[in-house]
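Visitor: I have a structure to look at. Could you walk me through it with a few questions and answers?

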Amino acid sequence: MFLDILTYESPLTFERYMELCLYHPEHGYYARGNLPSKKGDYITSPCIHKVFGATISNQITEIYHLLGCSKDFTIVEAGAGQGFLAFDILEYLSKKNYNFNYFIIEPFSIIKSIQEKTLIQFRDRVKWFKDLKEIPKFKGVFLSNELFDSFPVKLIQKKDNKIKEIWLEIKKNKIIEILKDLEDETILERIAPFCSFWKEGYRTEVCVSIENFYKILSEKLEEGFIVTIDYGYPRPDYYSPERNKGTLLCYYKHKTIDNPYFKPGEIDITSHVDFTLLRELGEKYGFLNLGFTQQGAFLVSLGINEVFYEISERKWKDMEALKFLILPEGLGTSHWVLIQAKLKEKPDKELKGFSLSNRIYLLYTS
Ligand SMILES: C[S@@+](CC[C@H](N)C(=O)[O-])C[C@H]1O[C@@H](n2cnc3c(N)ncnc32)[C@H](O)[C@@H]1O
């Protein structure tokens with residue numbers, strides 16, 4: 001039983017609890033093959049309509065040209081879900097005579113087999129790796145959609161005017177929260193400009209686990225771009241006094257639940273991405289921070305309307321999907337796109353995806 005495993009590790013940090021709930025090789029939510037879908041617990045842009053991936057392809061081709069049309073140009077995607085984004089990109093690009101290699105980083109074999117079925121048509125061009133560490137050095141683009149929101153986070157709370165970390169004790173099959181002094185200095189550094197404005201009981205998250213991923217990515221990506229699409233905030237918004245319950249959210253059968261201890265291993269646990277952190281990590285590991293904007297503005301800048309007329313049947317359900325991808329009622333403003341790059345020279349003009357809006361300055365204010 002999963003609770004026995006948790007009991008064995010008790011007391012454990014919330015961060016370790018989240019890691020086990022999502023990634024325990026047998027009982028973890030993702031390890032058991034749970035993925036976003038129309039029937040599952042939640043939905044993501046690639047599940048909504050192929051116009052999402054097709055439109056992103058327009059950014060990828062611009063990047064390909066900026067990198068000098070290298071014959072080694074490779075697209076690398078981590079956490080590729082059902083493989084829909086990969087399929088839609090490869091299909092759209094093939095029609096334009098671009099036949100790029102595509103690497104997928106997928107830790108779980110059950111999910112890999114789902115992706116293999118989706119991508120059967122492109123099996124000669126797609127290669128799978130279990131871990132980012134395993135991929136060869138590459139030139140091209142690293143792409144992710146809703147990857148970083150599923151990285152384990154530290155949970156913290158303000159108590160008696162001090163910041164404490166939340167640990168868990170598992171006793172008689174019950175999960176009990178305990179507050180301990182901080183052990184990790186990076187937590188305080190991250191929240192220092194904000195925490196004096198927080199009221200007693202303020203609770204939020206700090207993601208430390210992304211740094212190692214960026215470090216490895218910087219070793220692997222010799223020249224090229226990182227395209228990150230996810231929900232999140234610039235840091236001052238993330239840690240604003242009114243967001244006093246943090247951003248931790250759980251999904252179960254298309255419902256959001258605010259109790260992360262409900263059905264451990266059976267629910268998805270996520271937190272919003274601190275995009276200022278990604279900007280800082282980019283700088284630390286040698287990337288230029290080129291652009292940041294909301295998903296709707298990004299897709300419209302890339303010509304989603306034209307792509308839509310090119311590839312869809314324009315039925316009512318296609319129109320609804322298009323609106324969902326770009327409007328605030330859907331994912332158009334909750335999701336943001338950040339593009340970073342390791343290049344010999346900074347491009348002399350704005351990337352196409354930011355031609356209508358580039359709000360990278362939001363990641364430099366504190
Ligand atoms: C929220 S799902 C998103 C799936 C897909 N990108 C989509 O948009 O539908 C996050 C996925 O990222 C995967 N993941 C988390 N950490 C990862 C890592 N370090 N390397 C590769 N995949 C990872 C999880 O296993 C999960 O399948």
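Visitor: How many Å separate the centres of domain 1 and domain 2?
Guide: This is a predicted model. The domain assignment puts 2-28 and 153-206 in domain 1, and 45-151 and 222-364 in domain 2. Taken over C-alpha atoms, the centres of the two domains are separated by 28 Å.

Visitor: Which elements give two or more residues to the side of domain 1 that touches domain 2?
Guide: The contact takes 19 residues from domain 1 and 14 residues from domain 2. By class, that side of domain 1 has 12 nonpolar, 4 polar and 3 charged residues. The elements that give two or more residues to it are helix H1 (2-9), helix H2 (14-23) and strand E9 (203-206).

Visitor: Which strands stand at the edges of the open sheet of 3 strands?
Guide: The order is E12-E11-E13, with antiparallel pairing. An edge strand has a single partner, so one side of it is left without a neighbour in the sheet. That describes strand E12 (255-257) and strand E13 (268-270).

Visitor: What is the bridge partner of Tyr 251 in E12?
Guide: Strand E11 covers residues 249-252. E11 pairs with E12 in the antiparallel sense over 3 bridges. In E12, the bridge partner of Tyr 251 is Thr 256.

Visitor: Which of the 17 residues around the ligand come nearest?
Guide: By class, the shell around the ligand has 11 nonpolar, 5 polar and 1 charged residues. Of the 17 residues, the nearest are Tyr 30, Thr 44, Gly 79, Gly 81 and Asn 145.

Technical notes. Residues are numbered from 1 along each chain as its sequence is written. This is a predicted model: local features need pLDDT of at least 70, side-chain atom pairs count only at pLDDT 80 or more; totals for chains, interfaces and linings use all residues. Two strands pair if DSSP finds at least two bridges between them. Helices (H or I, at least four residues) and strands (E, at least two) are DSSP runs, numbered from the N terminus. A residue is near a molecule or strand if its C-beta atom, placed from the backbone, lies within 6 Å of it. Ala, Val, Leu, Ile, Met, Phe, Trp, Tyr, Cys and Pro count as nonpolar, Asp, Glu, Lys and Arg as charged, and the others, Gly among them, as polar. Domain bounds come from an automatic or database domain assignment. Two residues are in contact if their C-beta atoms, placed from the backbone, lie within 7 Å.
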